[in-house]
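Here are a few notes from going through the model. Have it open beside you as you read.

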Amino acid sequence: MGEAGIVIRSEDDAYRYLTQLVDGTIKLEIEDLNVHFEGWPNLRVYAKGRKYDQSITPAMMKSFLALQAAVYRSYAISKYNTPNINNLTKQEKEDLEIQVRVDGGSSDYNVDFQALAEKFLDGAMGKMTGEQVLIVILAAMLLLFGHFAIKSILEHRRQVRSEELGTEVQKQQLTVMQSMSSEETKRMTVMQGLIKDNAKVDNIYRTAYDMNMDMLKGMESTNSGEIQGVALSGEQAHLLVQNARRRSNDIRLDGRFRILGVDSSLRTDFRIKVLSLESGEDFVAQADETTLTIDAMNKLQRAEWKRRVINLHINAKEHHGQVKNAKIMAVGDIEEPDDPDNEEQSS
């Protein structure tokens, strides 16, 4: 990439580099990761109405507090592989604090995330390759602040609510919303592939989805407004946000684990206590021998007996920072004894 490295100045830049990373055009090691954000990402929310005159209403304040929580949560996912923001240090929380600038005769809210994007990048540097780090960070910025991603989330809600609404008048209010262009649809299709394949990106997408529902709640009392360039009225925001189920409570915790103990007292499944090497959190996960293969069950047993690190794919619920209803969906490789983490345990 040259000494200048990668400079990202727009959503188009971020998407272009993301696709090049995914298809293997760009290869990066951690020591080669020289990335800077200039002029992007940022978030603009515009609100017009009687209460909106260079001010922040209580409802809009709640929306920005939800945005702050989404930033914390996404950072925790990218660095610690957990949505639990209790893993963040006091300094990290201070570094990630957003600043909302109010402009204009109505209320034009602007949040600059350039410095925060680089904090995300620095925080995610661990045992991933340079490509893996940058894929997660670019995907996170696009899902949280990309015009096409926000438009896709609102379009999904429009389709769902159009089927739920009882009156043609209400359906018509949603029909007139902006539809996605072919390019925006293409970009979201690429992103959906990443969401499927990458647990961190999936968890950040769920966080972004809920964040946008919270932003809509702040727009309900406006006459009209915009979220990242997507225009909508207060009535449309109200219709879209109704009956929206929170998605971020469902999480994927794919990663490296140690098995701390096994409860085999139940007839059909095992309760396995695991420790995440990324987040440091331990919790109990169900291993169902009727759905996992015999080879997978044998790997779990060997990892416990030999005290080895094992790669697991786990689905769970997150509730107030606690992992609940965890279930092992697939079992990956057991790491070799010469791995530093395994050596430390064996010594």
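1. First, the pocket term: on a 1 Å grid over the protein atoms alone, a pocket is an open set of points where a 1.4 Å probe fits, with protein on both sides within 12 Å along at least five of seven lines, and lining residues have an atom within 4 Å of a point. The model is predicted, so to speak of local features takes pLDDT of at least 70, side-chain atom pairs count only at pLDDT 80 or more, and totals for chains, interfaces and linings use all residues. Residues are numbered from 1 along each chain as its sequence is written, and side-chain values use heavy atoms, without hydrogens and water.

2. About 340 Å³ is the volume of the second largest pocket. Its lining has 19 residues, with A69, R73, R246, S248 and E318 nearest the centre. Domain 1 (6-241) and domain 2 (250-334) each give at least three residues to that lining; the domain bounds come from an automatic or database assignment.

3. One for the loops: E335 sits between β13 (322-334) and α12 (340-346), strands being DSSP runs of E, at least two residues. E335 counts as buried because its relative accessibility is 15%.

Notes. Grid points are joined across faces, edges and corners, and a volume is the space filled by probe spheres set on the points. Helices (H or I, at least four residues) and strands (E, at least two) are DSSP runs, numbered from the N terminus. Buried means under 20% relative accessible area, exposed over 50%, partly exposed in between (1.4 Å probe, protein chains only).
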